[in-house]
Amino acid sequence: MKQDRVVVLGGGYAGILAAQRIAGRAPAGTRVELISDRPHFTERIRLHERVAGSAPRRIPLQRLLGRAGVTIRVGRVEGIDRSAGTVRLDGGAVPFDLALVATGSRTDWERIAGAAEHALAPCDEDAAERMAAHVAGGNLAPLVVVGGGLTAVETAAELAARGQVVRLVTAGPVLPDHAPAARVYAVGVLRALGVRLREETRVVAIERDAVHLADGEAIVGRPVWCAGFVPHPIAYDADLAAAPSGQILVDATLRSRSDPRIFAAGDVARVEGSAHLRMGCVTAMPMGAHAADSIVARLRGKEADAFRFRFLVQCLSLGRRQGLVQTVDPWDRALPRFFRGRTGAWIKERVCRLSVGALEWEQRLPGLYRWPRPPLQHGAPLRERLLPR
């Protein structure tokens with residue numbers, strides 16, 4: 001009997017959940033292997049806490065995958081050789097029958113001159129560790145956070161709450177996708193923590209000790225880059241169809257448009273007809289679970305279902321004691337209602353804990369993980385079911 005070999009690339013939220021689910025639900029004899037560039041899983045949604053002085057939040061991969069029977073291989077993925085049916089690593093090659101790419105995203109260092117050379121960042125583990133070492137070193141110079149989205153606001157608030165001098169500069173308003181009242185609240189908390197804000201101000205260059213603005217002014221301080229992510233570049237290396245963002249283009253079942261043996265999930269994937277799916281843990285875990293279900297269906301000779309997902313909230317912390325939870329419609333557009341203060345902080349913390357809890361429980365009960373989905377309209381074409389009106 002043929003033994004299918006499924007290889008999962010990436011040890012983040014999407015990859016781990018997918019590997020657990022495939023191993024627990026695939027036909028007997030299926031071999032599942034996960035490749036990660038490090039032997040542990042990092043709670044990436046807590047990296048803003050790490051840079052401000054919290055201990056690293058890491059879980060050994062063996063703890064999350066050993067019971068599921070997943071083989072763990074530590075190595076850096078360099079590409080996919082589609083003609084040979086192998087994944088290229090820095091130390092060799094791994095053959096596959098089916099592959100799931102869940103290599104995630106990284107800091108977009110190329111967006112502004114000088115960022116890669118001079119800026120700190122909390123957006124991925126290696127960069128966060130360097131930033132944590134800088135902050136722990138007792139440097140008294142201000143930190144200039146560049147960006148106005150969730151990562152930038154959480155980072156600025158966390159650092160300021162720990163006593164760091166913080167400036168925040170953003171090309172638009174702070175939290176532009178939030179309801180006006182929620183934005184006013186967040187700005188008020190940041191100012192109360194001592195963060196000095198410069199909204200509607202474009203950054204044109206970064207040096208080690210200054211951020212240069214379009215109007216010619218320079219803000220003195222060590223830059224902290226929080227202005228965007230880019231997907232792992234594996235789509236181009238493997239010559240897979242990609243979106244302008246560099247994400248692998250996948251159909252509604254999360255299968256690559258270029259190769260029926262390859263699936264993708266998380267930040268590295270772009271689902272055709274679902275441009276509203278932003279990068280983040282909130283979409284990575286549902287996509288990882290659904291990609292696993294699609295792979296299992298393929299192994300069993302069945303038709304895979306279309307991926308469906310609806311947003312509910314956007315959560316962020318504003319230091320350890322306050323938070324902001326913005327309710328959104330299914331397409332991630334802000335609604336008037338939001339939760340703030342200690343209630344917001346409590347909800348945010350529960351969400352972080354549930355993300356790890358879901359990984360721990362999926363290993364024990366494969367298929368347990370569920371996510372919010374919009375109801376299907378009977379008889380509507382697939383595109384109408386996936387796209388907002």
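**Entry 1: Asp332**

I started with Asp332, which sits in the loop between β23 (323–328) and β24 (334–340). I am working from a predicted model. Is Asp332 buried or exposed? Asp332 is buried, with a relative accessible area of 12%; the cut-off for buried is under 20%.

Next I looked up its neighbours. Leaving out residues up to four places away in sequence, Asp332 touches Arg278, Phe311 and Gln314. With Gln314 there is a polar contact, side chain to side chain, at 3.1 Å. I also checked Asp332 against Arg353, 21 residues along the chain. Their C-alpha atoms are separated by 22 Å.

**Entry 2: salt bridges**

Side chains of opposite charge can pair when their charged atoms come close. How many salt bridges does a search of the whole structure find? The search finds 34.

I took Glu43 as my entry point. Glu43 meets Arg46 in a salt bridge, 3.0 Å from N to O. Both of these residues are buried. Glu43 also forms a salt bridge with Arg57, and there the closest N and O atoms are 3.6 Å apart. This second pair links distant parts of the chain, 14 residues apart. Glu43 is in the loop between β3 (40–42) and α2 (47–51). Arg57 is in the loop between α2 and β4 (58–60).

I compared the accessibility of the two partners. Glu43 has a relative accessible area of 7% and is buried, whereas Arg57 has 37% and counts as partly exposed.

Another pair I noted is Asp237 with Arg88, where the closest N and O atoms are 3.1 Å apart. Asp237 lies in helix α8 (residues 234–237) and Arg88 in strand β7 (residues 86–89), so this bridge ties together parts that are 149 residues apart in sequence. Asp237 is partly exposed at 37% relative accessibility. Arg88 is partly exposed too, at 30%.

**Entry 3: cavities**

Rolling a probe the size of a water molecule over the atoms shows where empty space is left. I searched the whole structure and found three cavities of 30 Å³ or more. The largest cavity holds about 70 Å³ of space.

Which residues line the largest cavity? Among them are Gln247, Gly266, Asp267, Ala269, Val271, Met279 and Met287. Arg278, which touches Asp332, is also in this lining. β21 (269–271) and α9 (281–299) are the elements that give two or more residues to the lining. β21 gives the most, with three residues. By class I noted five nonpolar, four polar and three charged residues.

**Entry 4: second largest pocket**

α1 (13–25) and α9 each supply at least two lining residues. Which element gives the most to this lining? That is α9, with five residues. The lining has nine charged residues, along with five nonpolar and two polar.

Methods
Residues are numbered from 1 along each chain as its sequence is written. This is a predicted model: local features need pLDDT of at least 70, side-chain atom pairs count only at pLDDT 80 or more; totals for chains, interfaces and linings use all residues. Side-chain values use heavy atoms; hydrogens and water are left out. A salt bridge is a side-chain nitrogen of Lys or Arg within 4 Å of a carboxyl oxygen of Asp or Glu. Buried means under 20% relative accessible area, exposed over 50%, partly exposed in between (1.4 Å probe, protein chains only). Helices (H or I, at least four residues) and strands (E, at least two) are DSSP runs, numbered from the N terminus. Contact means heavy atoms within 4.5 Å. A polar contact is a pair of N or O atoms within 3.5 Å; within protein, one must be able to donate a hydrogen and the other to accept it, and residues adjacent in sequence count only if both atoms are side-chain atoms. On a 1 Å grid over the protein atoms alone, a cavity is a set of points where a 1.4 Å probe fits but cannot get out, and a pocket is an open set with protein on both sides within 12 Å along at least five of seven lines; lining residues have an atom within 4 Å of a point. Grid points are joined across faces, edges and corners, and a volume is the space filled by probe spheres set on the points. Ala, Val, Leu, Ile, Met, Phe, Trp, Tyr, Cys and Pro count as nonpolar, Asp, Glu, Lys and Arg as charged, and the others, Gly among them, as polar.
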